[in-house]
Structures are given as structure tokens and as C-alpha cells.
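Here's a quick briefing for anyone opening this structure for the first time. Take a look at the model, then read on.

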Amino acid sequence: MKLMRPHDPFWPYPQWIAHRGAGKLAPENTLAAFRAGAALGYRMFECDVKLSAEGVPFLLHDDTLARTTNAHVALGAGLSDVAGEHPWGTLALLDAGSWHSRSFAGEPLPTFEAIARYCVHNEFFLNIEIKPTPGTEYHTGQVVARHAARLWHGAGTPPLLSSFDLSALDGALQAQPDLPRALLLETLWDGWLDAAVRLGCVAVVCDHVLWDASNVAQARSAGLRTLSYTVNDETEAQRLITLGTDGIITDRVDLFSPSNQ
Ligand code: G3P
Ligand code: MG
């Protein structure tokens, strides 16, 4: 089904964004997931990025490895389940596909660099959610922003860096002020608009249920774009488009067709 916002020449990103790559049809935050979304016409992807113990950015949603890798088998008992406590050499050997289905057995955790090269080469757009291991927020923001600037140097539309964490966004701002940033919100806590402006954000990405005409107007009057996560329902997608919001992150790449945007 096609639900489209009006064309907007001042916002470079597509309306439809595949969540965690396209992380329902294939294991989330893997190259296989990106390929699944691309095969259905998606040109923009959201993914979660954190650092290995020595600072290699890679894709993983959770703080821990248990849900989406075979770490419990591969690392053995007694070793930490916290992903960010392991060096990349260990993380690179894990199977991040079998938990999803047998056909993805052996799919590796990707480095951020591998995903960036895939996106740049294919002229895809990326929303990098900075998802720091607790205690590494500012540093993760800095490192991810530096890598993003390097990988997109001279390569067209830069990625949109987002985070729920103010310190991570501040790290990104201090390291690479010219990269676009977005504040992620699961509640509209006091001061959200001021924080987004103070951090030089270009957008706010809200839990979709939070958006209404009043706060969309507030964000717009502060010069901020309005995006939503994670929208998997046609009626809700139509409501957000009618409100005039700018982007929709979805798991349902099989339901919403992004073609012709
Ligand atoms: O970036 C939007 C969305 O991904 C935030 O929630 O938990 O799926 O990373 P989560
Ligand atoms: Mg995310």
C-alpha cells in the first residue's frame, strides 16, 4: 500500500524508513535485513550502533548479546553478555542470524563501516541511532559521528544521527557539528523542545502515538522536522501523514510500499 506525504524539496530524506535495516523479514541490524528492505524498494534505513570494547562501531540493538546472537554457545558460560565489553574480533565471529530463522544461519554482526559502504554505494539514506552501552554515551556519540563523517565524505546526503540520550547527541555535536542530528523521544518530557534546539537538532523522532496537531506545530515553529517510530498500521500512518509529519520508521516493509516517493 502507498501512503505518501507531499513532495518536500527542503528535506532530503525519504518518507519511509525501514526499521533496524528491515529487521522483521531478516535478522535485525544485519546486512541481510538491509538487502531485504532494498528488494522491496526501501531507500532509507534506521539502524542501532554501539561500540566494541576497543571502539569499533557495529550494529546491535540491545546492550546484551543474548537475544540476537549465539553468544551463549559461542562465548561459553561465565563470559559477559554485555556486547560492548567484547573486542570486535570476538563479536565478528558470532552468528547473528540463526535466532531469526535457519535460512540466515551464520549471518554476522556488521560493522558500521560495512553498512555505511553498502548505503553509500547504493545511494541509500541512513538514520544512525546511537545506542551506547551504558556509561559510554558521550564517547559513543563522538566516535560514531567521526566515523560517519569519514565514511560519507564527498558522498551525497549525510546520515541522520539520532539518540534518546542527550549526552550521546552532545558528543556527536562536539565531534562533527555539521552532521544532522535528531532527538528521539518515547515521552514528551519537560523541556524536550528546548533540548532539541540546544543540541542543534534538525528533527525530533517520537513514538508515533505522541504526535498531535499541537506538538507538530510546536516542533515546526522551532524549525524541527517531525518523524515517528515504529508505525506498523495503515490508519496510524495516514494520521501522521495528515498531520504533516516528515518521516515514518516502520517494521512493515511488506505492507508499506515506498516506491515513487
Ligand atoms: O530510532 C527509532 C527506533 O529504533 C527507536 O527504538 O528501541 O527500536 O531502537 P528502538
Ligand atoms: Mg533503533
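A crossing of two helices counts as left-handed if the near helix is turned anticlockwise from the far one by less than a right angle, and as right-handed if clockwise. What you have here is a predicted model, where local features need pLDDT of at least 70, side-chain atom pairs count only at pLDDT 80 or more, and totals for chains, interfaces and linings use all residues. Residues are numbered from 1 along each chain as its sequence is written, and side-chain values use heavy atoms, leaving out hydrogens and water.

**Two helices**
- H4 and H5 cross in a right-handed way; helices here are DSSP runs (H or I, at least four residues), numbered from the N terminus.
- On H4, the contact (heavy atoms within 4.5 Å) is made by Phe 112, Glu 113, Ala 116, Arg 117 and Val 120.
- H5 brings Val 144, His 147, Ala 148, Arg 150 and Leu 151 to that contact.

**Around ligand 1**
- The residues around ligand 1 (a heavy atom within 4 Å) include His 19, Arg 20, Asp 48, Glu 129, Phe 164 and Tyr 229.
- Glu 46 has a side-chain N or O atom 2.7 Å from an oxygen atom of ligand 1.
- His 61 places a polar side-chain atom 2.7 Å from an oxygen atom of ligand 1, and for Lys 131 the distance from a polar side-chain atom to a ligand oxygen is 2.7 Å; a polar contact is a pair of N or O atoms within 3.5 Å.
- On its own, ligand 1 has 290 Å² of accessible area (Shrake-Rupley method, 1.4 Å probe), and the protein covers 90% of it.

Terms used:
Chains lettered and ligands numbered in written order. Polar contact = N/O pair within 3.5 Å; in protein donor to acceptor, adjacent residues only side chain to side chain.
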